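Have the coordinates open and try each one before reading on.

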Number of protein chains: 2
Amino acid sequence: MTRQQRSIDKHQRLLQAAEAVVHRQGYHLTTLADIAREAHVPVGGIYYYFRTKESMVEQIITARMAELTRRMEEWERDRPPLARLEALVDIWREDSEIDARYGCPIGSLCYELSRAGARMAGLAARPLLLLREWSEKQFRILGAADPGGGAEHLVMALQGASLVGNAFHDPGAIVRETDRLKTWLRQRVAN
Amino acid sequence: MTRQQRSIDKHQRLLQAAEAVVHRQGYHLTTLADIAREAHVPVGGIYYYFRTKESMVEQIITARMAELTRRMEEWERDRPPLARLEALVDIWREDSEIDARYGCPIGSLCYELSRAGARMAGLAARPLLLLREWSEKQFRILGAADPGGGAEHLVMALQGASLVGNAFHDPGAIVRETDRLKTWLRQRVAN
DNA sequence: GTCTATATGGAGATAGAC
DNA sequence: GTCTATCTCCATATAGAC
């Protein structure tokens, strides 16, 4: 194993630790020391991989976009459009326990960074934008009326479910809303 | 005007300033100095009215609950149940500009305080709980099926609309979702 | 009751040894 | 490339004069 190899590993380890800790504690309450501890890296050593705290969150978001894109491409390969949208909703259903505890990692970061300057706010909104545009594309393929409105509602419902489920610490609330959403999806497509 | 009178005024001024600044900047990014400046009060002078930053946000939430309750009682006096729910949705419609800029003051605080200890998280969730329970009561009066589920969806939709509208800085998105919600409301009640 | 001055603590970030 | 030691800044909170 080369030096460079180890370095990449450590970068990955730090990034995964950062993602986990920021999800649990939120951006503002997370210190770089918290992340260092989680990744078993000395405090100051972080600055070799993340120039600033902001660049760290940038990398989290970039990784999240890549992971989302990967899943969407997978669904586009092996499912019909309606099942793709249901698969998307099922992510929230499956993550209901963790999101009820810590909120949706995408949405909670949007709110936290929305006040941290236009650049950071715009970055945080990108995964949400990806979700909306990809959903709109699926609705369009399905021939649904108002695909843009459908996609908008879908993303809003998922985010609202996560926020309220988190506020009440109630994973059941998230599950119930995903069920309602899937019923709504099938009705919408039937027309 | 007595001394006590002036003191109450200053307390009110500080509380209103705190509410406005925390809405604009979020809890974590707001310093007590920001609030003092907004209220034209010297920095240290805050601590006579707010023991700690946490007690300040407690008072904001308490005031918000009182205001919500006041409005709900007013609607219960002079509107039929369906119009009460529409009036609730219209609050978000009317605040779409400001919420697209700064997020829903209730929901964004829920996410921010959800990691700040169980006590603070529970406090932040109370306005949301009030909204859900009051809405459920209206659905029940209307004889709608699953009033609890209806209320849950209503609150989630409003919060999701605010979060997404804020992320995209798009008041139109919030307005569109309130329109969809009102259509949904009338359909639900028709059954 | 009100304000000034200051203590305290902790965060992000850097310099430089290894 | 990596880690230690440290610097600097600034926010909360307090002590005490008025």
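This is a predicted model: local features need pLDDT of at least 70, side-chain atom pairs count only at pLDDT 80 or more; totals for chains, interfaces and linings use all residues.

**Exercise 1.** Count the salt bridges between chain B and chain A, and look at one of them.

*Solution.* Start with the criterion: a side-chain nitrogen of Lys or Arg within 4 Å of a carboxyl oxygen of Asp or Glu. The count between the two chains comes to 4 salt bridges. One to look at is Glu152(A) with Arg176(B), 2.7 Å from N to O.

Residues are numbered from 1 along each chain as its sequence is written, chains are lettered from A and ligands numbered from 1 in the order in which they are written, and side-chain values use heavy atoms, with hydrogens and water left out.

**Exercise 2.** Work out how much area chain B and chain A bury between them, and which residues of chain B supply it.

*Solution.* First, take the accessible area (1.4 Å probe) that the two parts lose on being put together, summed over both. That gives about 3,500 Å², with 63% of it on carbon and sulfur atoms.

**Exercise 3.** How many residues does each chain bring to the contact?

*Solution.* Using heavy atoms within 4.5 Å as the contact test, you get 42 residues from chain B and 42 residues from chain A.
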